[in-house]
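Reader: I'm new to this one. Can you walk me through it?

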Amino acid sequence: VAAFAFAYFLRGPLSKVPVAHPIHGTTYLKLFLVLLPFWILIFALMGLYSSYIQEKRFTEASRLFIGSFIGLAFVTAFAYFDNKPVFPAKLVPVYGFSLAFVFLLAFRNSARAIRAKLFAYGFGITNILLVGNTRFTVDLVEMLHDYKISGYRIVGVVADKSQASKRFPRLKVFDSFSDAVHTLNPSHIHSIVQTELFASNEQNNEILEFAQTHHISYRFVPGNSELFAGNIEVELFRSSVPVIAVHQTALLGWGRIIKRIFDLVMGTILLIIATPFILVSALLIILLGGRGGIFFRQTRLTRFNHPFRVYKLRTARAEFNGMTHEQAFQKLGRPELLKTFYENGEYLPNDPRYTAIGRFLRRSSLDELPQLINVVKGDLSLVGPRALIPQELSEFEKKHAILSVKSGITGLAQVSGRRDISVDERRKLDIYYVQNWSLWMDIMILVKTIRVVFRGEGAA
């Protein structure tokens, strides 16, 4: 309402240009106040008032943008059916929409800042009781130890005292759940998190029934965390049995179609823009790159273990072209460099395998441009896990997760440090991307890739 009111004054009383449909400010404001509950309903249906959205800034921003647009469309539709002008000038809805998005972002960030300040003074703190003595309990204690930052105060841990007292010296430790609830006032417990499933169903039921009886939030951390890492849906099997469906990736159904359309359109545009750079780079390789071809071709793996031929500009000397890292360093007679290469995040300064022009192409990432051909063909995606050769992938225990989506030219690992992070950390980021994919994440990674390339951050 504030945004559209400001837009009204910006284009109306504050503008010297006459408006097409003079509308009194009171009439204009009343209309938006009447429509406000419907706008709130739209935001609620989009999940913008759910607690989980607070931790996902990019998702929140994208939904606020879409919600603002839908709300504007709703106002426009109302004006159409009412057959009366709502906006005094054409620019008012444009200003209103833009300001609404900015105001919403600013308000929510201000609310977060105020909430964080209130935590520091002890307001709005959630008292939490942890049940279980597992590594997840340790992780939660470390994560929530400072209630002034986290907003959670751990009031106790239910675990074997002989072990847990040493692990959690600053916390109250109870031998049993019964001891905990008899010592602690139930009204002072706001949330229970159980990190360990007991062998006795009676013990588990006791905890759940206590939470339900006293209207306390209850959460359970599954022992097999890998089982629940991915896209989770609760559904009815054969319309009667509730089951939890765990998908390897969120990239399913319409998501795959949208991603392919996005890759095809953006890949074609980027390939047209990149063609002059590819031609100039190819000429430099011919003139300065020594003997050997222009392109580097190698068999790599993409979604569902499908092999394909990746295209890159040749950066290696002819005698090492097409070789794996192990084969190249062995041929050099310097196998000890392989360990240094992997410790540095697959990078060696002044790597002897590459030509001078090759090192320039790698630092500038120009050698990656021909992979846009793979994107248009459908072998690769613009964003995804790095396309690995079969030998590399065979050494990785969670290859099934990476191979559940198409590999990409760039990805979360590349924009999170490129060679500045270890190989294991890169694979973890690849798995995170697979399990948490969204189109908005793809767009943000592409934007960050442009910044990383131009700054030369972590370039090889």
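Reader: Where is Ser 365 found?

Author: Ser 365 is in the loop between helix H13 (356-364) and helix H14 (371-377). Helices here are DSSP runs of H or I with at least four residues, strands are E runs of at least two, and both are numbered from the N terminus. This is a predicted model: local features need pLDDT of at least 70, side-chain atom pairs count only at pLDDT 80 or more, and totals for chains, interfaces and linings use all residues. Residues are numbered from 1 along each chain as its sequence is written, and side-chain values use heavy atoms, with hydrogens and water left out.

Reader: Is Ser 365 buried or exposed?

Author: Ser 365 counts as buried, at 12% relative accessibility. Buried means under 20% relative accessible area, exposed over 50%, and partly exposed in between (1.4 Å probe, protein chains only).

Reader: What about phi of Ser 365?

Author: Phi is positive, about 65 degrees, although Ser 365 is not a glycine. Most residues other than glycine have a negative phi. His 215 also has a positive value, near 55 degrees.

Reader: Where does His 215 lie?

Author: In the loop between helix H9 (201-213) and strand E5 (217-220). His 215 is exposed, with a relative accessible area of 75%.

Reader: New topic. How many aromatic pairs are there?

Author: A search of the whole structure finds 12. Rings of Phe, Tyr and Trp (its six-membered ring) pair if their centres lie within 6.5 Å; planes under 30 degrees apart are stacked, over 60 edge-to-face, and the rest tilted.

Reader: Why is the pair of Tyr 28 and Phe 32 called what it is?

Author: The ring centres of Tyr 28 and Phe 32 are 4.9 Å apart and the planes are at 55 degrees, so the pair is tilted. Both residues lie in helix H2 (residues 25-45), four residues apart, about one turn of the helix. Tyr 28 and Phe 32 are both buried.

Reader: Which residues do ring pairs link into a cluster?

Author: Phe 4, Tyr 8, Phe 9, Tyr 28, Phe 32, Trp 39 and Phe 87.

Reader: Now Arg 291. Where is its place?

Author: Arg 291 is in the loop between H10 and strand E8 (295-302). At 62% relative accessibility, Arg 291 counts as exposed.

Reader: What is Arg 291 in contact with?

Author: Leaving aside neighbours within four places in sequence, Arg 291 contacts Arg 314, Ala 318 and Glu 319. Contact means heavy atoms within 4.5 Å. The C-alpha atoms of Arg 291 and Ala 318 are separated by 6.1 Å, and the two residues are 27 residues apart along the chain.
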